[in-house]
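Please keep the sequence and the model in view while reading.

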Amino acid sequence: MKCPLCRCISETAFTIKGYSLLDCRKCTHRFAEVAVGNNHAQAVYDDSYFTGGGAGYQDYLQGDKMLRQRGRMYAQKLENYLKPGRMLDVGAAAGFILKGFTDEGWRGTGIEPNERMVSYGRRNLGLDLRCGTLENFEAQGKFDLVSMIQVAGHFYQPRKAFENAARILDSKGHLLIETWNRGSFSARVLGRHWHEYSPPSVLHWFSLKGLSDFLSGLGFEKVTHGRPPKKISGGHAKSLLRYRLGDSFALKLIPEEMYFPYPSEDLFWALYRKK
């Protein structure tokens with residue numbers, strides 16, 4: 001299977017739950033060997049992804065306040081680099097992060113493949129949410145910002161998605177990405193046991209350098225980056241640990257509705273600008 005970013009030859013790194021994870025010999029991008037079609041997002045990120053646990057969420061809607069604050073946090077970080085304008089939030093789910101941006105003055109549209117999440121955000125938050133994926137999104141007009149918070153690893157056609165982002169951005173537009181850091185100390189030490197290796201939900205694993213090098217080829221330059229503060233609910237933590245390691249009595253001791261600080265050493269966020 002050729003690399004979905006640079007289309008060069010890849011080789012197997014290791015296997016997780018029956019899926020081969022491959023490394024590109026040229027750009028070193030790591031990705032899952034999964035045959036995907038245009039219905040991949042709708043099939044994988046169905047209602048059970050948001051409520052069924054496993055590699056998804058025990059109850060996604062429970063995190064509304066935390067996610068809304070996360071959107072505000074990013075909007076405030078961007079104040080030093082650009083003024084609020086028109087934005088597209090990719091993988092918006094129910095729109096909580098997008099709502100945080102609009103609280104800070106942004107005018108937002110969100111795209112999300114799950115119809116139930118889209119309906120929830122429209123009905124309860126009054127947001128402009130549309131059902132679909134970035135790979136096939138047709139925009140009316142240009143955006144000042146495209147945000148991808150915990151989305152890049154889920155693209156079924158990542159090159160097409162990023163190329164579309166470049167196309168719909170204004171000539172001075174920005175791209176905001178938060179994703180797991182495959183090049184982090186935790187990911188390297190834990191190897192195949194790193195919790196973020198969870199195909200077919202997650203298909204791609206980026207390092208900051210690898211992502212920046214790829215985006216440079218699409219006409220983007222990195223403006224700034226950092227490690228985001230993050231909290232995780234006990235329910236979500238239990239779900240991920242059970243999916244990766246199996247059930248155990250110790251998991252029952254974790255309170256599901258409590259939120260715990262997550263050491264963000266294996267996460268990064270980065271802001272890119274069209275050259």
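## A salt bridge across the sequence

Arg182 and Asp23 form a salt bridge in which the closest N and O atoms are 4.0 Å apart; the term stands for a side-chain nitrogen of Lys or Arg within 4 Å of a carboxyl oxygen of Asp or Glu. Because Arg182 lies in the loop between strand 8 (169-180) and helix 7 (185-190), while Asp23 belongs to strand 2, the pair ties together parts that are 159 residues apart in sequence. Arg182 counts as buried at 19% relative accessibility, and Asp23 counts as buried at 15%, where buried means under 20% relative accessible area, exposed over 50% and partly exposed in between (1.4 Å probe, protein chains only). Asp23 and Arg182 also belong, together with Arg30, to a network of salt bridges.

The model is predicted, so local features need pLDDT of at least 70 and side-chain atom pairs count only at pLDDT 80 or more, whereas totals for chains, interfaces and linings use all residues. Residues are numbered from 1 along each chain as its sequence is written, and side-chain values use heavy atoms, with hydrogens and water left out.

## Other charged pairs

The structure holds 10 salt bridges, and one of them joins Arg25 to Glu11, with the closest N and O atoms 3.4 Å apart. This pair links distant parts of the chain, since Arg25 is in the loop between strand 2 and strand 3 (30-32) and Glu11 is in strand 1, 14 residues apart. Arg25 counts as exposed at 57% relative accessibility, whereas Glu11 is partly exposed, with a relative accessible area of 42%.

Another salt bridge brings together the side chains of Glu221 and Arg273, at 3.1 Å from N to O. Glu221 lies in strand 10 (residues 220-226) and Arg273 in strand 13 (residues 267-274), so this pair ties together parts that are 52 residues apart in sequence. Both side chains belong to partly exposed residues, with relative accessible areas of 32% for Glu221 and 31% for Arg273.

Four strands make up an open sheet in the order 1-2-3-9, with antiparallel pairing. The edges are strand 1 (10-16) and strand 9 (204-205), each of which pairs on one side only. Two strands are taken to pair if DSSP finds at least two bridges between them, and strands (E, at least two residues) and helices (H or I, at least four) are DSSP runs numbered from the N terminus.

Strand 1 and strand 2 (residues 19-24) are joined in the antiparallel sense over six bridges. Within this pairing, Phe14 stands opposite Leu21 in strand 2.

## Cysteines without a disulfide

The structure holds zero disulfides, a disulfide being a pair of cysteine sulfur atoms within 2.5 Å. The sulfur of Cys24 is 3.3 Å from the closest cysteine sulfur, in Cys6, which is too far for a bond. Cys24 is buried, with a relative accessible area of 4%, whereas Cys6 is partly exposed at 26%.

## The chain as a whole

The secondary structure comes to nine helices and 13 strands, and buried residues make up 51% of the 275 residues in the chain. Among contacts (heavy atoms within 4.5 Å) between residues at least 6 apart in sequence, 69% join residues at least 24 apart.
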